[in-house]
Amino acid sequence: MDQALAIPSRTAPASAGPSVRAAVRETETITLAVEHMHCGACMRTVEGALLEVPGVRSARVHLSDRRVTAEVESARVSAEALVEALDSAGFKSAEIAATSGGPMHDRDADLTRRLGVASFAAMNIMLLSVSVWSGAGGDMEASVQAMFHWLSALIALPAVAYAGQPFFRSAAQALKSGRLNMDVPISLGVILATGMSLYQTTRASEQVYFDAAITLLAFLLIGRLLDQQMRTRASSAAANLIGLKASAASVIDAAGHVERMPLRAIEPGMRILAAAGERIAVDGIVAFGDTEIDQALITGESAPRRVRKGEPVFAGTVNLGQPIEVVATKHDENSLLAEIARLMSAAEQGRGRYVRLADRAARIYAPAVHILGVVTFLGWLMSGQPWQEALTAAIAVLIITCPCALALAVPAVQVAAASRLFSKGIILKAADGLERLAEIDHIVLDKTGTLTVGEPRLVNSADVPRDMLAKAAGLAAASRHPYSRAIVRAASELGIAVPGVHDVVETAGFGLSRQTPAGEVRLGSARWCGIDRASDGELWLKPVSGAPVAFRFADKLREDSADTVHRLQAAGFGVEILSGDAWAPVEIMARAVGVEVFAGEKRPDQKIARLDALKQAGRNVLMVGDGLNDAPALAAAHASISPAAASDISQTVADAIVQGSRLAPVIELIAVAKASRRLALQNFGLAIAYNVVFVPLAMAGLVTPLIAAVAMSASSITVTANAIRLRSQNLELKA
Amino acid sequence: MTALAWLIPSALALGALGLIAFLWSLNAGQFDDLEGASWRAIDDDAPRAQPASAATSPGDAVS
């Protein structure tokens, strides 16, 4: 599969002597998780950037997993070099300890294999069965019919034994722990149908159900596979995120030497060097240096914070300016980041107790079916029939009630919902998230990054002369500061070409400067540009000659925030704002979007406390948030949504991720969730209606293999067709 | 009826051939990265290799 990028091997042929072979370079495989890689162009950029690193033999992107695997010469290339190469290509990445696949992928492949076998068997047995049905009573001889049945048995027995294993195993597990799940009636139905068909085949009877048994398995495996794939995606995304946390730190020892050490080995009191652009590895106090820190991961706030000697910094924040030295104050496992991760996993455990719709249905359905089978058996015995006849009728009941449609009812709706949402830029992550989203009646919103865009925007671009903006953008392109990025973005939005400038010098906490033949150009704070007025303007451009130009920034509301909030309120949802930001800006935003209930200065644990209070009051809360400080609340809420620009950890715990710059998809998401629930219930209704028609027939002993096969396929197709309606329905939002 | 003697085995053999082909492609990783494969199909540029043809910068590779 690597033929596209395989590099002609420079190793010597195997026949060469040992001395030559000693020169062969050892290769190893490095897997990196890459953030924000979405399309073919990203894929080519990432592969291209890695291949340019000397010593990289091959690089192949796995887009679905957001990972890239590189084969490198271990002596020449380290994982850090690859991360750096990707960083300069504009992709954040981190090494993850992953071999190709992992347990989740293996389970995917396993189910797919079983589905392949089941489908092959189902098609071939159907071929034989249809011949029997159309020939029976006509010109088909009894011996040919018997041969066809034996052929069916020959295909069906190994296929059922192989393809049915996931169901058998899950049913056995459930029975062992004294529970009933949907797999118990499924396994019972399939095993009894196969066993009885084998027995009837030896008696040359017509009661042969091989086709029904194996078709059932094929349908069920489709449902199971769809469910599994959703889970695999979520778990591999989570593994990527763990990797993206800094995993090593540069420690300065007493002699002044710098050494890379794993985070586990960091003790309080050690001096750690945080280079410009590097993620700070542990919580600590700045011992040397003066820089600006991007705290977005911790607080969700976009504006960087200035830190000086003696001030605290937190693990996971990014050093934007000069290198600093930090004295560690905590162990890795005590850092703020680890604390948030702990709050999050505690909150998630509460959610694990949620029982899915299908399982709730199974708790009623499974015992009911088994009782019906027993009743049929006893009924036939009491009416004076021989026990063989009674058993045949009872087994027919169990085959007919085998919950194929019931097992497909929910996955079919979920897949239809996921594909509808995907086409609108909404990624549904948790398999049961849709069910929980359908139950919400109260919505808690974060401010920064959720109601607002989450990054500073240039607000006075109309007042700035175009040539000045171009000049500023040229300087700003060299910096990673959020204000600089805002200027570059504003320039490109106005169609101004950003001039390429080289020798830009950045002074942390002040600004940028560049020497030109005519003199110095400066972009930065008012003081940096020699201006006394601290008012009207966060950033100034001082050209070689002429008056300085002011740039003003603000975090803007998303353009449809107010409208979305209004529509949610009109639909009957309670809406409130819970932010880690100061009260005053929260109040301004709350007034602007028309929300009555709001709170500011909330720490992660206080946010959880508020959610718990709402839960006590009987509310099912939807949390919409983006910052790392929101992550525990996202995990604690009944359901949660994150914008795509959110911190990775928030995206991991959220049930759904909304892409794009608008908030309105939240409405679509809730509407689809409610519609999915309605459709799933309809599907249960259809499945039960079909049982109401056919179970009496089965109990009366009137069900033939043909009727069983038709009924089984018809009910499965009905529920699937009903689910597909979701893709084109016009949905109204109601609480 | 003698036709059945070779029709049925050949029908089964053809089916089995399809199954084997499917299992092979699954094991060979053809379905590993469906999202990526859909992009690679519309990628016009020739496959690149290191180091000779890797002269383009990452930025150029995007266009």
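Guide: Axes here are lines fitted to C-alpha atoms, for helices over the stretch in contact, and angles run from 0 to 180 degrees between N-to-C directions. Helices (H or I, at least four residues) and strands (E, at least two) are DSSP runs, numbered from the N terminus. Two packed helices are described by the angle between their axes and the distance between the axes.

A word on the source: this is a predicted model, in which local features need pLDDT of at least 70, side-chain atom pairs count only at pLDDT 80 or more, and totals for chains, interfaces and linings use all residues. Residues are numbered from 1 along each chain as its sequence is written, while chains are lettered from A and ligands numbered from 1 in the order in which they are written. The predictor gives the complex an ipTM of 0.74 and a pTM of 0.67.

Chain A has 24 helices and 27 strands. Of its 735 residues, 46% count as buried (20 or more other C-beta atoms within 10 Å of the residue's own; 12 or fewer is exposed, in between is partly exposed, with C-beta atoms placed from the backbone).

Now to the first pair. Helix α2 (residues 40–51) of chain A and helix α3 (residues 79–88) of chain A have axes that come within 9 Å and cross at roughly 130°. The two helices, α2(A) and α3(A), are therefore oblique to each other (angles under 35 degrees are roughly parallel, over 145 roughly antiparallel, 65 to 115 roughly perpendicular, and the rest oblique). Val46(A), Ala49(A) and Leu50(A) of α2(A) meet Leu82(A), Ala85(A) and Leu86(A) of α3(A), contact meaning C-beta atoms, placed from the backbone, within 7 Å. These contact residues divide into 6 nonpolar, no polar and no charged (Ala, Val, Leu, Ile, Met, Phe, Trp, Tyr, Cys and Pro are nonpolar; Asp, Glu, Lys and Arg charged; the others, Gly among them, polar).

Next, a second pair. The axes of helix α16 (residues 466–476) of chain A and helix α17 (residues 482–493) of chain A come within 8 Å and cross at roughly 135°. The crossing of α16(A) and α17(A) is left-handed. Among the residues making this contact are Leu469(A) and Ala473(A) of α16(A), with Ser484(A) and Ile487(A) of α17(A). Here the contact residues divide into 9 nonpolar, 1 polar and no charged.

Technical notes:
Contact = placed C-beta atoms within 7 Å. Left-handed = near helix turned anticlockwise from the far one by under 90°.
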